[in-house]
Amino acid sequence: MRVLILGGTTEARELAALIAGEHHVITSLAGRTTSPRRPAGEVRIGGFGGVDGLTAYLRDAAIDVLVDATHPFAATMTRHAHQACQASGVPGMILRRPGWSASPGDEWHRVADLEAAAGLLPRVGRRVFLTTGRQGIAAFAGRDECWFLARSVEPPEPPMPRRTEVLLERGPFTVAGERALIAAHRIDVLVTKDSGGTDAKLVAAREAGVPVIMVDRPPLPAAPTVPTAEAAATWLRRLPDR
Ligand code: NAP
């Protein structure tokens with residue numbers, strides 16, 4: 001089969017590596033990062049041009065099945081993928097890693113979006129470890145009572161909070177490293193999105209008694225959804241021949 005994987009995540013790369021011997025794999029990347037980790041198989045880069053553009057791509061590239069393995073917060077791409085699959089009749093599925101849950105003793109504040117997260121500052125904390133990604137930093141602009149350690153892969157652009165130190169780093173991160181960051185910067189609140197995956201920062205925050213403001217995931221469309229690359233590969237194997 002010709003499989004289009006909407007990527008940009010570890011799971012997307014894992015799936016491409018798993019199925020590259022069985023299927024013709026094309027991974028699509030948005031083109032946000034300057035040196036992305038390249039998955040196995042073919043790679044295309046850049047937006048499709050909305051639902052219509054993706055629908056046309058599915059037809060022109062003779063795609064048999066689409067796997068949306070984008071990040072849990074890439075809500076627009078996920079919505080477009082669902083609509084393009086419906087419009088074209090190409091079967092689609094979602095590979096989405098599970099979210100995180102609090103452990104006993106954790107102080108977590110779950111909020112619906114970044115604006116609500118910013119609204120809890122400075123009440124919950126003033127020295128903020130912000131790991132919501134460079135595209136989300138604008139929501140915290142104006143929170144000048146707080147100091148921010150903002151970590152992202154690519155440099156964030158203004159507007160951003162006046163007192164911000166930017167840390168350009170790409171994971172995976174270790175508990176020891178996160179512990180050291182929290183201590184060195186006297187962090188008293190962690191603001192993050194419920195991305196799931198490696199939870200080193202949450203373990204380190206738990207150890208240090210640092211509260212967490214956790215932005216909830218956007219809802220998923222009604223499509224088959226699996227939590228791991230292995231489960232996605234199995235789902236593809238069971239798909240009737242097209
Ligand atoms: P988004 O807001 O949901 O998507 C905005 C637009 O970007 C889409 O309408 C589409 O443009 C294009 N796009 C997004 N993902 C694409 C892909 N895999 N291939 C081709 N075009 C894509 O997406 P986002 O949150 O900016 O995320 C962009 C990429 O970064 C995704 O691949 C995602 O997996 C990855 N990522 C996101 C986050 C995050 O926190 N959001 C974190 C880590 C990695 P058109 O309408 O023109 O098709």
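Ser-152 belongs to strand β8, which covers residues 147-152; strands here are DSSP runs of E with at least two residues, numbered from the N terminus. The model is predicted, so local features need pLDDT of at least 70 and side-chain atom pairs pLDDT 80 or more, while totals for chains, interfaces and linings use all residues. Residues are numbered from 1 along each chain as its sequence is written, and side-chain values use heavy atoms, without hydrogens and water.

With a relative accessible area of 7%, Ser-152 is buried (under 20%, 1.4 Å probe, protein chains only). Leaving aside residues up to four places away in sequence, Ser-152 touches Gly-133, Arg-134, Leu-167, Leu-168 and Glu-169, with contact meaning heavy atoms within 4.5 Å.

Ser-152 also lines the largest cavity, as do Gly-133 and Arg-134. A cavity is a set of points on a 1 Å grid over the protein atoms alone where a 1.4 Å probe fits but cannot get out, and lining residues have an atom within 4 Å of a point.

The ligand is surrounded by 23 residues, Lys-193 being among the closest (a heavy atom within 4 Å). A polar side-chain atom of Lys-193 lies 2.7 Å from a ligand oxygen atom. For Gly-50, a backbone N or O atom is 3.1 Å from an oxygen atom of the ligand.

Technical notes. Helices (H or I, at least four residues) and strands (E, at least two) are DSSP runs, numbered from the N terminus. Buried means under 20% relative accessible area, exposed over 50%, partly exposed in between (1.4 Å probe, protein chains only). On a 1 Å grid over the protein atoms alone, a cavity is a set of points where a 1.4 Å probe fits but cannot get out, and a pocket is an open set with protein on both sides within 12 Å along at least five of seven lines; lining residues have an atom within 4 Å of a point. A polar contact is a pair of N or O atoms within 3.5 Å; within protein, one must be able to donate a hydrogen and the other to accept it, and residues adjacent in sequence count only if both atoms are side-chain atoms.
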